[in-house]
Amino acid sequence: MQLSSALEKLNPFSKREVRSTCPVCGEATDLLLTMVQNGKERVLCDGPAQCRCDREKAARRSPRMPKKVDALNRSLRGDFAKADGRNAAAMDVCLRYAKRFAEASREQVNGLLLYGDTRQGKTFAAEAVSQALAADGWRVTFRSVTELMQTYDADGFSERTYLSKAIKKCDLFVLDDLGAERNTTYAQEVIFGAIDARTTSGAPLLITTNLTPDSMAKRAGTDLMTRRLYGRILEACLPVEFEHVRESTERDYEAMLDVLYGASDREK
């Protein structure tokens, strides 16, 4: 018996040519694979192949799961394609996070902390990330701090139970407008519970806030609960600053007056 025939019996794949590999898991993403069967060579794969990352991503999808963000009745307007160019660097970080979500999660980039002044695009960016991931089959739960507190303040046990499970099981939990909550022990406990449910297991988390990391660090020195809350956030999330961009408020006012009086009447 020839050596090649013996090798074919030990290993039925007569040819295995790896053309490219995944930079994350190292498995083949483009492959030529043939097998000898009844003396004839049969091609099993000649082109793109699923690596471990692709298989894990497919396994996390459910065929019955709608490609829609769980955001209560909120209408999400954020869309990377509709970005107006403000805070381009920060938006680029968010876009890359969405595109490399699976890899980022495994490599301990467990979340983003989008911070900056009001009306600088933080919520828009969070919505854009959420919709991009949902469109790709990931489960996203999106809540503002106010919505979170309203659910836990309500009498409905089923609503609280549903939200608690959603926060734990979703692929990404988005908490919008951290710092807008009432400064009470109960509010701190509710928010800490949501954050702790994610950070303890290393699950991805995205937070928007007007607070800077420095102000969080200062607040963390006030009491144990606050220190634990902000400490967890700063450990788990990559800070991304949305710098203040002055808007043309006067031009906005002029547009409002045009609506009320009509542009032609005001010119007279």
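Predicted model: local features only at pLDDT ≥ 70, side-chain atom pairs only at ≥ 80, totals over all residues.

Me: Is C94 buried or exposed?

Reply: C94 is buried too, with a relative accessible area of 0%. As for disulfides, the structure holds zero.

Me: How should I think about where buried nonpolar residues end up?

Reply: The general idea is that in soluble globular proteins, nonpolar side chains tend to be buried together. Here, the largest nonpolar core has 28 residues, and the members touching the most others are C94, L114, V129, L133, L172, L206 and F242. Two or more residues come from each of α3, α4, β4, α5, β5, β6 and β8. The top contributor is α5, which gives six residues. There is also a second, separate core of 25 residues, and C170, L178, Y230 and I233 are among them.

Me: Which residues is V129 in contact with, leaving aside neighbours within four places in sequence?

Reply: Those are F80, C94, Y97, A98, L172 and L206. Two of the names there, C94 and L172, also sit on the list of core members with the most contacts.

Me: Now helices. How do I read one that has a buried side?

Reply: Keep the helical repeat in mind: an α-helix has 3.6 residues a turn, so residues three or four places apart point the same way. Then try helix α6, residues 145–153, where V145, E147, L148, M149 and T151 are buried. The buried residues of α6 pack against β5, α7, β6 and α8.

Me: And when two helices pack, as α8 and α10 do, at roughly how many degrees do their axes cross?

Reply: The axes of α8 (185–199) and α10 (224–236) cross at roughly 35 degrees and come within 10 Å. The crossing is left-handed. On the α8 side, the contact is made by Q188, E189, I191, F192, I195, D196 and T199, while α10 brings M225, T226, R228, L229, R232, I233 and A236. Sorted by class, that contact has seven nonpolar, three polar and four charged residues.

Me: Last one: where does S75 lie?

Reply: S75 lies in the loop between α2 and α3. With a relative accessible area of 58%, over the 50% cut-off, S75 counts as exposed. Check sequence against space as well: S75 and E127 are 52 residues apart in sequence, yet their C-alpha atoms are 9.5 Å apart.

Note on methods: Residues numbered from 1 in each chain as written. Heavy atoms only, no water. Axes fitted to C-alpha atoms, helices over the stretch in contact; angles between N-to-C directions. Helix = DSSP H or I, 4+ residues; strand = E, 2+ residues; numbered from the N terminus. Left-handed = near helix turned anticlockwise from the far one by under 90°. Contact = heavy atoms within 4.5 Å. Nonpolar A, V, L, I, M, F, W, Y, C, P; charged D, E, K, R; others polar. Core = buried A, V, L, I, M, F, W, Y, C linked by side-chain atoms within 4.5 Å. Buried < 20%, exposed > 50% of the residue type's maximum accessible area, 1.4 Å probe, protein only. Disulfide = S-S within 2.5 Å.
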